[in-house]
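Hello,

I am handing over the structure below. My notes on it follow.

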Amino acid sequence: MTAAIEVRGLTKTFGGGRKALDGVDLVVAPGEMVALIGASGSGKSTLMRHIGGLVAGDRHATASGTITVNGHAVQASGRMARDIRTIRGGIGFVFQQFGLVNRMSVLTNTLVGALGRLPQWRTLLRWFPRHDVDLAFSALARVGVADWAFERAGDLSGGQQQRVAIARALVQKAPVLMADEPIASLDPASSRNVMEILQRINAEDRITVLVTLHQVDYAVKYCPRTVALRKGRVVYDGPSAALTPQLLSELYAGDKEAVAALWGTSLEEDADSLEAKLAAGLS
Amino acid sequence: MSMSTSTHLSPEMAVRAQIESRKRLYAMAGWLALIGLLVLSYGGAGVDFGKLWNNRDNIATLAWDFVPAHFLTFVERAEWSFYIGAMWETVQIAIWGTFLAVVCAVPFGLMCSTNVAPWWIVQPTRRVMDALRAINEIVFALLFVVAVGLGPFAGTLALFLHTTGILAKLFSEAVEAIDHRPVEGIRATGATSLEEIVYGIVPQVMPLWVSYALYRFESNVRSAAVLGIVGAGGIGMVLYEELRSFNYPTASVIMVIIIVAVSLLDMLSARLRKFAS
């Protein structure tokens with residue numbers, strides 16, 4: 001069976017020679033729900049944007065990375081696929097800041113998901129086929145914001161906007177959903193809600209979900225498998241349940257702040273209990 | 001108020017106090033430069049307020065000729081409707097000049113935006129728009145009067161070209177200030193570049209674009225009233241005729257019509273602009 005997402009030897013160097021990604025390998029099977037964790041600056045967003053076909057990797061012959069999604073090449077050796085727009089259509093993308101157009105209605109924002117498969121003369125006239133409108137409404141109903149369909153997207157709360165973004169990905173009918181820090185700007189209740197929706201569409205629609213999180217507790221709770229990045233390298237790839245404070249402090253040895261941030265806000269607020277917890281884990 | 005760096009200031013605050021006093025020095029230098037510039041150009045501008053005093057009798061006679069009580073008796077009803085018709089022609093020139101300009105300024109504005117077009121499209125397009133802005137409507141009107149003949153069409157074309165240059169710049173400034181995250185959201189769905197513009201950029205800039213277009217329409221009504229002087233149609237043509245034949249009562253009727261029409265349109269457009277945001 002072809003993998004849903006396959007990344008091989010991906011390297012990305014930013015200006016100044018800093019390596020954001022350093023030989024990353026990652027294979028995600030169809031129907032999996034995988035968490036990608038790492039401290040800020042570890043390269044998780046960069047990796048997501050490469051897989052989504054929004055950024056191209058390095059072109060050096062020595063570091064020729066390839067990315068394949070749904071069996072189609074997204075990029076190889078730093079060159080985007082020629083039909084990148086078609087391929088993007090098969091990859092749903094949810095952003096930390098929602099990526100919605102505030103002044104457009106929730107419904108139109110959702111229908112944007114259908115742009116990739118509709119002829120341009122229709123979309124430029126904003127004349128969407130009936131069944132796509134129906135699909136948009138049912139997607140909005142699934143994520144619980146159907147009552148807001150005719151409001152401006154910018155008038156909704158952060159949690160609601162993120163649910164609209166997920167509805168847009170559902171209208172896209174993409175077999176793979178990339179969620180880049182989907183809950184980083186949300187309060188705890190909205191965060192749980194969004195994670196539950198992701199979990200549900202993964203279970204019900206068999207949509208492959210790759211979600212970046214900056215807190216391990218959400219990964220443990222919602223994703224069976226976790227991949228951890230540190231300085232652009234994969235340092236852990238295995239069951240989320242195995243992620244203990246002890247393991248984390250090994251993975252991020254010498255970076256107490258990263259461990260604290262990943263282990264959760266409750267610890268972030270209380271440094272003493274972090275020390276206590278780390279001590280307990282190590283003893 | 002002097003800001004002494006006395007004993008109680010922390011080093012950081014002392015630095016800020018120093019910056020603060022330097023700022024005041026710069027401001028003072030700026031004012032001095034302005035005064036110098038005014039003095040320098042005094043002679044060149046021919047400023048001589050004495051002339052206003054010496055010619056006071058002349059001015060008083062002129063003003064008396066314009067007095068409303070006078071012109072109401074002089075001007076026939078048929079003439080009123082003729083002048084109002086000429087004013088309407090001026091407004092029509094402004095409507096079409098602005099409309100054509102908006103239609104062209106949308107693609108040109110996008111082509112002038114560094115976040116939409118590559119530099120080799122941006123730079124040449126910007127230079128062309130600069131040229132359109134640099135040349136005044138009156139100059140364009142003089143050219144078009146020769147090209148297409150006397151009449152309102154020359155005025156419409158003049159406003160069209162000049163306003164395209166202005167609106168393309170204003171439109172592209174709005175486009176360059178957009179939030180890029182929604183555009184990336186659209187791109188991630190597999191949309192084409194044109195769809196990215198229509199769904200991601202246009203909704204964001206629409207309020208500003210509408211507001212700029214209406215504002216230019218207001219200005220164009222004022223400009224179109226002048227264009228007639230060079231033979232490009234509208235009420236300006238009539239006004240110039242009357243002024244040249246020293247027919248001040250009629251001229252003042254025309255000016256009153258211009259003032260009323262321009263004020264009404266300004267008010268209307270201000271209302272619409274508030275509505276668009």
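Helix α1(B) is hardly covered: among its 30 residues, the count of buried ones is 0 (buried means 20 or more other C-beta atoms within 10 Å of the residue's own, with C-beta atoms placed from the backbone). Helices (H or I, at least four residues) and strands (E, at least two) are DSSP runs, numbered from the N terminus. This is a predicted model, in which local features need pLDDT of at least 70 and side-chain atom pairs count only at pLDDT 80 or more, while totals for chains, interfaces and linings use all residues. Residues are numbered from 1 along each chain as its sequence is written, and chains are lettered from A in the order in which they are written.

At 1.5 Å a residue, α1 of chain B (residues 11-40) should span 44 Å, and its end C-alpha atoms are 44 Å apart, which agrees (the expected span is 1.5 Å times one less than the number of residues).

Chain A has an open sheet of 6 strands with mixed pairing, in the order β7-β8-β9-β3-β10-β11. β7 (91-94) and β11 (233-239) of chain A stand at the edges with a single partner strand each, so one side of each has no neighbour in the sheet. β7(A) pairs with β8 (residues 176-179) of chain A in the parallel sense over 4 bridges; strands pair if DSSP finds at least two bridges between them. A:Val94 has A:Ala179 in β8(A) as its bridge partner.

The contact between the chains takes 23 residues from chain A and 18 residues from chain B (C-beta atoms, placed from the backbone, within 7 Å). On the chain A side, α2(A) gives the largest share, 4 residues.

Regards

Key:
A residue is buried if 20 or more other C-beta atoms lie within 10 Å of its own, exposed if 12 or fewer, and partly exposed in between; C-beta atoms are placed from the backbone. Two residues are in contact if their C-beta atoms, placed from the backbone, lie within 7 Å.
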